[in-house]
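Here is a short report on one protein chain.

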Amino acid sequence: MNTKRTTLLFFILLTLGPISGLMSSEFNAYISKERLTSSLGLSPDQVEKVGRLFRMLEGQKKKDRSVYADNIDGLYMRAVERRNMQDQYIQKILAPNQVDRFKHLTRHRDRYFEFFIINETLMPSRNQSAKIHVLLDEYQEKIKGMKHAGPKKQESEYSPKRGMKPGGGGYLPPGAIRRGRQYHGKSSPMEKLNKEKYDRIAEYLTPEQKKRFPKVRILLNKEFVKRWKKKQEQNPYPHR
């Protein structure tokens, strides 16, 4: 993403907010009542029920953030529980022809797990959220570029040792292979990219948020590893 486009997107996000039709971080990482209504064609009765649910969850979020204020893992755990509760309740009130569209929305939403984790544990301001979103979007483009480059080009520098389990070139997430076993003592390209990304995010944080960010980074890395392992189970040899 070039500098001009990044700057323009940041100001658009900051001005129009999350309920515009643009790729706002909150618009993607969360499913609002307005988005549900427009995407699923909710009936007035469904809209009323969803509204009550969201008000209840908002109240619960405030309580959770008070109780788990100093507990990063607790904040994330409760955020996931609230999200699961939301999804389960909404599916119960949907008509059969609305369920598949709702699942499509949740799959799209779950791709933005980095912003979700950062938002729920660090509680950034609107200004910070817009900057973080643009940065995450920029690095998504870089990751796509790595994948399009192909495994052979990356393996020239980061080729696995003979006899090691294939990992798809340089696509390993941080923490997936430690102690240099796969990359001859070097960090994988994905580890380097994530370190660079999170170092840049730290520049947008307040001093208090920076104190909490190391624990958030551990949480993000754990989530990356979990998702990578899941993909490996589904397709252990993606380049064959």
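## Where α3 meets α4

In this predicted model, Lys33, Leu36 and Thr37 of α3 contact Val47, Val50, Gly51 and Phe54 of α4 (contact: heavy atoms within 4.5 Å). The residues of this contact are four nonpolar, two polar and one charged. Nonpolar covers Ala, Val, Leu, Ile, Met, Phe, Trp, Tyr, Cys and Pro; charged covers Asp, Glu, Lys and Arg; the others, Gly among them, are polar.

Helix α3 spans residues 33–40 and helix α4 residues 44–67. Their axes lie 10 Å apart, at an angle of about 155 degrees. α3 and α4 are therefore roughly antiparallel (over 145 degrees, on a scale from 0 to 180 between N-to-C directions). Their crossing is right-handed: the near helix is turned clockwise from the far one by less than a right angle.

## A buried helix

How many residues of helix α7 are buried? Ten of the ten, so α7 (residues 113–122) is largely enclosed by the rest of the structure. Buried means under 20% relative accessible area (1.4 Å probe, protein chains only). Among them are Phe113, Glu114, Asn119 and Glu120. Just after α7, Met123 has a positive phi of about 50 degrees.

## Confidence

The chain has a mean pLDDT (the predictor's confidence in each residue, from 0 to 100) of 78. 70% of its residues reach 70 or more. Over residues 5–25 the pLDDT is below 50.

## Basis

Residues are numbered from 1 along each chain as its sequence is written. Local features need pLDDT of at least 70, side-chain atom pairs 80 or more, while totals for chains, interfaces and linings use all residues; side-chain values use heavy atoms, without hydrogens and water.

Conventions:
Helix = DSSP H or I, 4+ residues; strand = E, 2+ residues; numbered from the N terminus. Parallel < 35°, antiparallel > 145°, perpendicular 65-115°, else oblique. Buried < 20%, exposed > 50% of the residue type's maximum accessible area, 1.4 Å probe, protein only.
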